[in-house]
Amino acid sequence: MAPGPTADVWYSLFNLYTTAAVAINILIIIIFIYFLYKYRGYRADSSAGGIDAKKLAIVFVIVSAIIFYSLEFYTLNAMRFVEEVPENPDMVIEVDAFQWAWKFIYPNGTESLGTLKVPRGTLVLFKVTSLDVHHKFGIPALKASIDAVPGRINYLWVRFDEPGTYTVRCYELCGLGHANMMAQIIVT
Amino acid sequence: MDEVSFIKKWLTTTNHKDIGILYTVTALYFLVVGGSLAVLFRIQLFQPLMDFLGPHKFNQAITLHGLIMVLWAVSPLAFGLANYFVPLQIGARDLAFPRLNAMSYWLYLFSGLLLVSSVFLPGGGPDVGWTYYAPLSTSKFSPQPGVTVAGLAIVMLAASVTLGTINFIVTIAKMRAPGMTWMRLPMFTWGILFTVALMLFAFPPLAAAVLLLAADRVFGAPFFSSPYGGAILWGHMFWFFGHPEVYVVLSPAYLLMMDIVATFSGRELVGKKYIIYSIFAAVVLSFVVYIHHMFTTGINPLVREVYSVTTETISIPFGVATLSVIATLYKGRIRLTTPMLFAVGSVFLFLIGGSTGVYLSSVALDHWFRGTYWVVGHFHYQLVGAGLMALFAGLYYYYPKMTGRMYNEKWGKIHFIISFISFNLLYFPMFLLYDMPRRIYTYQPETGWAPLNMVASIGGWIFAFSFLIMVVNFYRSLRIGAPAGENPWEADSLEWTIPSPPPEHDFDTIPTMSSVSADGGVETVEHVHFHSLMPFLISLSIFIAFVGLATSIVLTFIGLLVLFLTIANWYRTDILERFSTKEIEYEAYPFEGVVKEKLGVWVLVASETLLFASIIGAYLFLRVRTPGWPLSYTIHDLRIGLINTIILLTSSLTIALALAYVKHGEMGKFKASLFATFILGGLFIVIKGFEWSELASEGFIIGENLVASTYYIATGLHAAHVLAGLLGILYLIFKAYRGKFNSQKYVGVESIGIYWHFVDIVWLFLFPLFYLI
């Protein structure tokens, strides 16, 4: 019952990173606390005995490189999926961001301030730009967002698989009305 | 040294320990200012739809909070400790240029006061976020003068940082005690070295960006308001500074933490060499990862893939460093004192901050995270958790050395426990608020963000309060603390071999080393600390001049007058050689042949190169994007440009001749060559002035269009450098007439000569870019 494919991809990547991060951090913190406890006031030969720093460093670099680059592999896959601009979208919507509202322009030229209506399951391509300052067009439920930069058009595709009302927010400080710069997307 | 009154002492001191204390106290003051702002906006965010600050005050509070904490609080706190302890750790009796060091401090203080005073201007202080994103920060969208004044404060701070950078690099390179090789330097000194190296390359682009923004705001020069890439240009210039700045803040704290962990584990740091290599790798990488701050602006996908990979790579060296901390604990003799608790605590927080940063390096995740509270949580774990907590560890660690007395250990531990718990209450909820936009002053009840914000606010207030525990503890212990003795922690670096607090001259004999600890001493010349009011006066006059720009131009003139007189006085004392420190050089590999003044000028030239490179880069960036940019020779008179080029090249020749003559003791020809250089430089300025007025009369003025703006800014900045060079030549002329140069003594001629050649070389880049193509 996910609201759309962009959210699916995002959450599966997020869960992968979280699993790795939690596992590694717990391991390190347990070792840390164990050492702090075990060697508290420990009075033995305190020279650097028993540790080959070079070997340790090399092993660590190799292990962490494998972890990081395999995470990166999934990232690049997700990135290509999310960023590839579809060739035949069902609907192309122009989005003009300005202080402090969103204007949607439908393919037939009708304009709508602050509300967009799309049928469920439509592949929508947003062409996002700004008429004044830097904004960021974001739909939290779909984990989809793109910068609205004056003087250029950025592309963002989404598909709403679930009917309902979706909030659009601005995610880049754009002045006094930043907090209230919202719009609604109604999916029927 | 005569007894001087309390006020006079602190206004005029050039002793590195005094300046260290001034830096530390001032940084703690700005920490309180920045923290109070946070307490206020956490009230505003405590509940949905709170009516406490309102958007205008809220935006000012977050902007000032960011600027103050990043630039005026955390990093200067590290520099407070660095001023005090880097000379002690390397076995020197002061920094290479003590008066310049005082100048760094006063510029820092007054730049901070300038920033804070901007809130009293009509329209209030800056409210555009500390990242100053253009075009929001241009005058069209934020016309209030506070935004400009805060920008000027940043430029002033950049000047302070540049001077500090020169000082520390020369000090660490040239003034190490006999046997103090690079690998024997304590980690904290390494941390400062990495930081100043980063600052050297990161601050000039920031200064350039802010100067361009100021030109945009004051003269209407459309750099960042240009529709052809203006907004993106700001992103590039800001983040080229902004990402390395994270490591500027972190590196001293993180490496100081390692010294502390080693001390309280009763053993040497495991794999010190590899940590140094690792951090060095991270420092280099930090300049090539900044694009990750712009993943969502729509730049080229391949670029983003490359930067995503390099950003994940930067985690590896920090992992290596963290691993050696754990290895150091292994079979150690661990004492969980307050500094150790803070040090270990900061590693925990660094782990969390680092892990959440790995998410951000992933372009696909960052698409969403950018601009949300996840980012806020992440960088606070790094800068406050890993950075500030480790610096608190440093304050507890060094308090006995600086004051001669122990702090109260029980209250130190209470401070640690309260601050560690409240820190996590404050910042961990932000990771769970990954749908909430940053920098919003209010939110609706139906968002469901209220409980987490409440926890964060309460945690924040406790965290702010816990700071007072340390202040009270330190204040009370000044009088009632037990005497500390030389080495209360059984640490082995040089600062622990002298009494606490250290005597005025630091070391009775310069220590010699054949391992990491001292094993002897050599007699050396007596070191005298000088007093000078001029660093204070110069900084004050710049402050007055900048305040005048925003309020009344009369103040500006008064400021400039005082500035001029003080500089003249600075020159006079130099010519009379009333202020000069003499240090014998011991360990200077690989800079044995370079005297410290010359090394200082080379470092300055490196920083200036970055400044001009940023300006030229911005010009090229805009030029290739703007349609219909005319070819330069259709606007500018090629002949005038060519004449000026020849004049400057000739002046390079005459200054080289001056150096050759003084080396051979031909003083008449030496003076004549200096004069010739001065006249040629002056001629260049005069011709430039005529050229400008000619262009202006044709309607080619700075705010007209980008073609004119880039031309005037680049050539104007260069002309300002020529003027500075001319002041240097004038100083040489006066000094030459005083008979202060001879065939043995000509460092001044060499140093100013290097600078003059540099200014000429810059013109060789500007001429083709602005006249030929």
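Reader: What area is buried between chain A and chain B?

Author: In this predicted model, chain A and chain B bury about 6700 Å² between them, and carbon and sulfur atoms give 68% of that area. Buried area here is the accessible area (1.4 Å probe) that two parts lose on being put together, summed over both. On the chain A side, A:F32, A:Y171 and A:L173 lose the most area to chain B, together 10% of what that side buries.

Reader: How many residues does the contact take from each chain?

Author: It takes 74 residues from chain A and 75 residues from chain B, contact meaning heavy atoms within 4.5 Å.

Reader: How many salt bridges and polar contacts cross that interface?

Author: There are 4 salt bridges across the interface of chain A and chain B, each being a side-chain nitrogen of Lys or Arg within 4 Å of a carboxyl oxygen of Asp or Glu. B:R370 forms a salt bridge with A:E172, with the closest N and O atoms 3.9 Å apart. The same interface of chain A and chain B has 21 residue pairs in polar contact, both residues at pLDDT 80 or more. A polar contact is a pair of N or O atoms within 3.5 Å; within protein, one must be able to donate a hydrogen and the other to accept it, and residues adjacent in sequence count only if both atoms are side-chain atoms.

Reader: Which element gives the most to the chain A side?

Author: That is α2(A), with 18 residues on the side of chain A that touches chain B. Helices (H or I, at least four residues) and strands (E, at least two) are DSSP runs, numbered from the N terminus.

Reader: Turning to B:F141, where is its place, and what does it contact?

Author: B:F141 sits in the loop between α4 and α5 of chain B. Leaving aside neighbours within four places in sequence, B:F141 is in contact with A:Q99, A:D132, A:V133, B:P135 and B:L136.

Reader: Is B:F141 buried, partly exposed or exposed?

Author: B:F141 counts as partly exposed because its relative accessibility is 21%; buried means under 20% relative accessible area, exposed over 50%, and partly exposed in between (1.4 Å probe, protein chains only).

Reader: And B:S137, buried or exposed?

Author: B:S137 is buried, with a relative accessible area of 0%. B:S137 also lies in the loop between α4 (98–117) and α5 (145–174) of chain B. Among the residues that B:S137 touches are B:V128, B:Y132, B:L213 and B:R217.

Reader: Into which domains is chain B divided?

Author: Chain B is divided into domain 1 (14–249 + 576–612) and domain 2 (628–773), with bounds that come from an automatic or database domain assignment. The two bury about 1800 Å² between them, 78% of it on carbon and sulfur atoms.

Reader: Which side chains meet in a salt bridge there?

Author: The side chains of B:K598 and B:E750 do, at 2.9 Å from N to O. Across the interface of domain 1 and domain 2 of chain B, the rule finds 1 salt bridge.

Methods
Residues are numbered from 1 along each chain as its sequence is written. Chains are lettered from A and ligands numbered from 1 in the order in which they are written. This is a predicted model: local features need pLDDT of at least 70, side-chain atom pairs count only at pLDDT 80 or more; totals for chains, interfaces and linings use all residues. Side-chain values use heavy atoms; hydrogens and water are left out.
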